[in-house]
Amino acid sequence: MKKIAIIMGSDSDLPILKQGIDTLKEFAIPMEVRIMSAHRTPDDVSTFAKAARENGFGAIIAAAGKAAHLAGVIAAFTTIPVIGIPIKSSTLDGLDALLSTVQMPGGVPVATVAIDGSKNAALLAIEMLAIEDENLAKKLDEYRIKQSEEVRIKNSSIDF
């Protein structure tokens, strides 16, 4: 099975990424978690992204706040799908990071999830891997059924 990379621009992003990391663990997805900055360690980002396919990655999740160039810089150096997570880390409540992540020029796509949306980023990466992995696709189906059941249980417990 291919691996998922989770790259964050700063260790302060780790608490936001925990939910996504836990989701990947729930599905037994091999992963690597790293701290790299598009601005402070650009050579490291470039080296990682250029070798990602060769190193067995199927998707890359990149989380950054403020200027949030990390996902775009990674996408510039690889054709592996990149999922950007804008992180709420400034006085603009993450809107700056959202716009920086989602407004990529034509030809260099970055899939973008909600501000602080690490769970959905993980699920999207899993869905990408499941395109060619029938067992993983079945796990996703089971996950969706479980979610539906949990909502129905909560619904049945409402008493007004």
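A salt bridge, in this presentation, is a side-chain nitrogen of Lys or Arg within 4 Å of a carboxyl oxygen of Asp or Glu. Lys and Arg count as positive and Asp and Glu as negative, while His and the chain ends are not counted. Buried means under 20% relative accessible area, exposed means over 50%, and partly exposed lies in between, with a 1.4 Å probe and protein chains only.

The structure is a predicted model, in which local features need pLDDT of at least 70, side-chain atom pairs count only at pLDDT 80 or more, and totals for chains, interfaces and linings use all residues. Residues are numbered from 1 along each chain as its sequence is written, and side-chain values use heavy atoms, with hydrogens and water left out.

I begin with Asp13. Asp13 is buried and yet takes part in no salt bridge. The nearest side chain of opposite charge belongs to Arg40, at 7.3 Å. Asp13 sits in the loop that joins strand 1 (3–8) to helix 1 (14–26); helices (H or I, at least four residues) and strands (E, at least two) are DSSP runs, numbered from the N terminus. Which residues does Asp13 touch, not counting those up to four places away in sequence? They are Met8, Ala63, Ala64 and Ile87, where contact means heavy atoms within 4.5 Å.

Five strands form an open sheet in the order 2-1-3-4-5, with parallel pairing; two strands pair if DSSP finds at least two bridges between them. Strand 2 (31–35) and strand 5 (111–112) stand at the edges with a single partner strand each, so one side of each has no neighbour in the sheet. Six bridges join strand 3 (residues 57–65) to strand 4 (residues 82–87) in the parallel sense.

Gly65 lies in strand 3 and stands opposite Ile87 in strand 4. Leaving aside neighbours within four places in sequence, Gly65 is in contact with Ile87, Ser89 and Ala97. Between Gly65 and Ile4 there are 20 Å from C-alpha to C-alpha, and the two are 61 residues apart in sequence. Helix 4 (residues 95–102) lies across strand 3, strand 4 and strand 5, and runs at about 160° to strand 4. For that angle, axes are lines fitted to C-alpha atoms, for helices over the stretch in contact, and angles run from 0 to 180 degrees between N-to-C directions.

Next, the interior. A nonpolar core is a set of buried Ala, Val, Leu, Ile, Met, Phe, Trp, Tyr and Cys residues joined through side-chain atoms within 4.5 Å. The largest such core has 26 residues, and those with the most contacts inside it are Ile4, Phe27, Ile29, Ile61, Ile85 and Ile126. At least two residues of this core come from each of strand 1, helix 1, strand 3, strand 4, helix 5 (118–130) and helix 6 (134–156). Helix 5 provides the largest share, seven residues. A second, separate core of 21 residues includes Ala5, Ile7, Met36 and Ile80.

Phe27, with neighbours within four places in sequence left aside, contacts Leu123, Ile126, Leu136, Lys139, Leu140 and Tyr143. Val45 belongs to helix 2 (residues 42–51) and counts as buried because its relative accessibility is 2%.

Now to the charged pairs. How many salt bridges does the structure hold? There are five. Lys3, Glu32 and Arg34 are linked in a network of them, and within it the side chains of Glu32 and Arg34 meet at 2.6 Å, N to O. Glu32, at 23% relative accessibility, counts as partly exposed, and Arg34, at 33%, is partly exposed as well. Lys88 and Asp93 form a salt bridge at 3.9 Å, N to O. In Glu127 and Arg144, the closest N and O atoms of the salt bridge are 3.0 Å apart. This pair links distant parts of the chain, with Glu127 in helix 5 and Arg144 in helix 6, 17 residues apart.

Ala28, in the loop between helix 1 and strand 2, has a positive phi of about 55° although it is not a glycine. Ala28 counts as exposed, at 52% relative accessibility. Asp116, in the loop between strand 5 and helix 5, also has a positive phi, near 60°. Asp116 is partly exposed, at 26% relative accessibility.
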